[in-house]
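Here is a short tour of a multi-chain model, written for someone who likes to know the cut-offs behind each term. Have the viewer open as you read.

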Amino acid sequence: MNVLTYVHAFFADGAHWQGYDGIPRRLLEHIGYTLLALGLAAAVGLPAGLLTGHTGRGGNAVAFVATAARALPSFGLLVLIAVGIGIGLLPVMVPLVLLAIPPILVTTYEAVRSVDPSPVDAARGLGMPEAGILFRVELPAALPLVLSGVRSAAIQVVSTATIAAYVSLGGLGRYIIDGLYQRDYEKVAGGAALVALLALATLALFWGAGRLAVSPGVRRR
Amino acid sequence: MAAVALTAAAALLAGCSSSGGTADNPLAEEKAEKGTVVVGSNNFAESTLLADIYGEALKAKGLKVAYKHNIGSRETTYGLMKNGSVTVLPEYNGSLLAYLDSAAGQESAEAVTTAVKEKLDSRLTLLESSPAENKDSVAVNAATAKKYRLTADSTLADLKEAAPDLVIGGSPEFQTRRQGLDGLRSVYGLRFDSFKALDAGGPLTQSALARNTVQAADIFTTDPTIVKEGFVVLQDPENLFGFANVTPLVAKENLPEEGVEALNAVSAKLDTATLRELDARVQLEKKDPLDVAKAWLASAGLD
Amino acid sequence: MSGFFDIPSDLQHSYLGLIGLHLREALLPVLAGLLLALPTAQLCARLRWLYPPVLGVTTVFYAIPSLAVFVILIDYTGQTELTVMIPLALYSLVVLVPAIVDGVRSVPPETLAAATAMGFGPARRWFQVQLPIAVPAILAGLRVATASSISLVSVGALIGNQGALGNLLADAQRYDRPELALNSVLTTAVLAIVCDALLVLARNLLTPWMPRGTRASAKTARRPEPSEPEGALR
């Protein structure tokens with residue numbers, strides 16, 4: 001039996017579509033963890049990236065934070081916090097948020113830094129306040145890159161949120177962990193396929209968001 | 001920087017030398033070095049402890065022993081026993097029978113062992129069972145026991161009314177095993193609100209039950225936290241969880257006769273009280289299982 | 001036996017042994033990934049139509065959680081180090097191919113024309129002009145792949161003690177000894193930082209022509225391509 005047969009068998013089994021362990025419920029849990037982690041990371045990373053990018057100060061701090069966060073092992077943090085304070089949402093959120101911050105922060109910083117300086121100077125010359133420059137000149141121009149940073153974070157969080165299952169939470173990782181211990185490859189392959197599909201859907205979502213949100217003038221470049 | 005690089009290089013070398021032998025060539029793993037007895041263990045503390053006891057007892061008879069610890073659940077280890085990558089594994093006779101044949105009845109420990117031997121892969125056999133028993137059981141925490149008036153005399157059947165309000169926890173494999181949710185449903189008609197996958201009777205399960213994250217859980221009867229946390233173990237009159245005497249599962253061809261004798265000698269000396277005491281040393285006193293194993297073998301005159 | 005450095009006997013390694021094992025399980029795959037990525041990237045850089053489909057396949061693969069790949073591989077390679085290292089090599093490949101392609105593509109056309117005019121053949125031009133100029137981008141990719149690989153090895157603990165320092169995490173849970181988990185996280189993080197520092201050092205040694213100032217960010221002549229996948233546990 002190859003992997004595709006397992007995947008097919010998994011989706012064909014009606015029992016996998018209902019109840020607390022059904023696909024809809026697990027999918028929603030997974031999306032929930034992802035959105036929460038991404039939201040928290042964006043709440044930290046976006047303002048910090050915009051501010052450091054706009055002022056041009058703190059670039060080294062940004063690089064340091066990114067390197068440090070990248071060095072922390074997600075799975076290790078998960079187990080450490082779970083063993084330390086017990087199972088729950090917190091041990092899952094800490095590694096996921098730390099995972100999502102570097103791509104958002106670094107890309108936002110780089111995006112704002114790489115905006116063509118001439119329109120920024122022109123805006124400043126016209127007497128636009130700094131906040132106006134940031135939000136009405138720099139941000140629209142930087143938006144495609146900023147979105148790509150958030151997208152990169154989102155894909156990683158979707159994929160990594162599977163570890164929540166190791167500390168007995170839900171999400172699509174449930175199928176992978178349960179399948180490992182139950183030696184049920186249908187579950188493992190089905191779970192992996194669902195995570196990959198969700199990642200693809202995330203890509204599509206960001207592509208669509210880019211089409212809608214990015215100014216046509218910027219997009220054409 | 002140079003010092004760091006040097007340390008890293010030293011560590012790399014240490015890693016290469018200390019992982020010599022079978023680990024060095026991953027593909028060689030399937031066929032263990034000839035003459036070496038590979039003792040495996042499942043992913044819970046007692047299994048590691050028992051594997052250490054078996055392994056050290058075999059070493060005492062002059063056999064070459066390699067350990068393969070923390071492999072996973074029975075669903076995985078049984079496969080590794082069948083293909084010969086593991087020679088000896090601590091098992092529980094009735095639990096193994098339920099895995100091999102979920103419908104098999106369990107009347108007596110001897111009958112169970114006989115039944116297991118019939119169902120086993122032809123390359124495998126069970127040696128003598130020890131009197132030491134460690135069953136799965138369903139336990140509720142003190143608060144739940146109080147709320148639904150459950151005592152040590154209550155049975156699983158008494159849980160029927162309460163079950164739909166309760167979350168039950170256990171290892172991921174508990175969800176699909178007969179000695180798990182399947183059997184609880186078909187034998188006692190228990191339908192729980194939901195199942196929470198934890199670990200095989202380990203700290204995750206213990207703390208989830210103690211903190212009321214789950215109200216009922218699969219707890220091993222030798223678990224030292226039952227007394228400590230005031231869990232109430234429910235009686236199992238239908239004998240769903242059957243017999244679970246600690247018994248070595250071995251691959252016949254790869255274990256010499258003196259090994260068989262050594263393991264049978266261990267089984268003869270190991271009883272439930274002893275097992276509980278050794279478990280407590282590992283799980284509560286945080287002693288290393290290998291040290292505990294060696295100390296017990298010495299005290300039992302098996303070293 | 002409940003100290004920070006008291007490694008449980010079931011791991012069958014000393015602390016240093018675990019570190020060595022961890023580095024081996026993490027770094028060999030990155031090396032293998034790099035060796036595979038170089039020709040793949042060259043192909044993608046030369047045949048432009050090949051790049052989008054390759055990028056598509058790698059993006060999907062990158063989204064598959066490592067644990068799922070481990071479990072599926074168990075049937076073929078057993079519960080061994082190899083089972084852990086194969087997916088890690090593939091993840092490294094996935095990170096490195098776009099990094100190298102972007103790096104190589106950032107070489108200005110006039111530079112290439114100059115090399116051709118000097119009589120460089122395609123092979124010589126690749127090794128002596130394009131690759132050296134792409135070094136900062138390649139090293140940036142290697143940094144991400146290495147950090148990711150070091151972090152991911154730990155997940156191997158779930159398939160039977162194959163996670164090197166990650167096995168400490170499983171034991172921390174099994175024996176309820178949080179200090180083992182702390183040891184694992186700190187040691188893994190230190191390894192990642194040390195390897196990262198070594199890669200930065202290597203980049204600085206390999207690109208003596210780059211002015212100090214621009215080294216801080218791995219920007220190439222072109223606008224940076226920030227969509228490089230970042231490493232993490234999947």
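The sections below take up confidence, the individual chains and the contacts between them.

## Ground rules and confidence

This is a predicted model, in which local features need pLDDT of at least 70 and side-chain atom pairs count only at pLDDT 80 or more, while totals for chains, interfaces and linings use all residues. Residues are numbered from 1 along each chain as its sequence is written, and chains are lettered from A and ligands numbered from 1 in the order in which they are written.

Within chain B, helix α1 (residues 2–18) has the lowest confidence, with a mean of 42, whereas strand β3 (residues 88–92) has the highest, at 97. Helices here are DSSP runs of H or I with at least four residues, strands are runs of E with at least two, and both are numbered from the N terminus. Residues 1–31 of chain B stay under 50 in pLDDT, and the model has 49 contacts beyond four places in sequence for them. Two residues are in contact if their C-beta atoms, placed from the backbone, lie within 7 Å.

## Helices of chain A

In chain A, helix α2 (residues 23–55) packs against helix α5 (residues 90–113) at an angle of about 30°, and their axes are 7 Å apart. The axes are lines fitted to C-alpha atoms over the stretch in contact, with angles running from 0 to 180 degrees between N-to-C directions. Their contact has 22 nonpolar, six polar and one charged residues. In this scheme Ala, Val, Leu, Ile, Met, Phe, Trp, Tyr, Cys and Pro are nonpolar, Asp, Glu, Lys and Arg are charged, and the others, Gly among them, are polar.

An unreviewed UniProt entry lists "transmembrane region" for residues 31–53, 74–101, 153–176 and 188–209 of chain A; such annotations may be inferred rather than shown by experiment, and the positions follow the numbering used here. Residues 31–53 of chain A are 100% helix and 0% strand, with end C-alpha atoms 30 Å apart. For residues 153–176 of chain A, the figures are 50% helix, 0% strand and 22 Å.

## Covered parts of chain B

Six of the eight residues of helix α8 (residues 203–210) of chain B are buried: B:Pro203, B:Leu204, B:Thr205, B:Gln206, B:Ala208 and B:Leu209. A residue is buried if 20 or more other C-beta atoms lie within 10 Å of its own, exposed if 12 or fewer, and partly exposed in between, with C-beta atoms placed from the backbone. The cover includes β5 (136–140) and α9 (225–229) of chain B, together with α7 (166–174) of chain C. After α8(B) comes B:Asn212, with a positive phi near 65°.

B:Lys135 sits in the loop between β4 (124–126) and β5 of chain B. This lysine counts as buried because 21 other C-beta atoms lie within 10 Å. B:Lys135 touches B:Thr221, B:Phe241 and B:Ala244, leaving aside residues up to four places away in sequence.

## Chain C and the interfaces

Chain C has nine helices and zero strands, and 55% of its 234 residues count as buried. Where chain C meets chain A, 39 residues of chain C and 47 residues of chain A take part. Helix α8 (178–206) of chain C gives the largest share of chain C's side, 10 residues. That side has 26 nonpolar, nine polar and four charged residues.

Between chains A and B, 10 residues of chain A contact 18 residues of chain B. The chain A side there has four nonpolar, three polar and three charged residues.

How values were computed:
pLDDT is the predictor's confidence in each residue, from 0 to 100.
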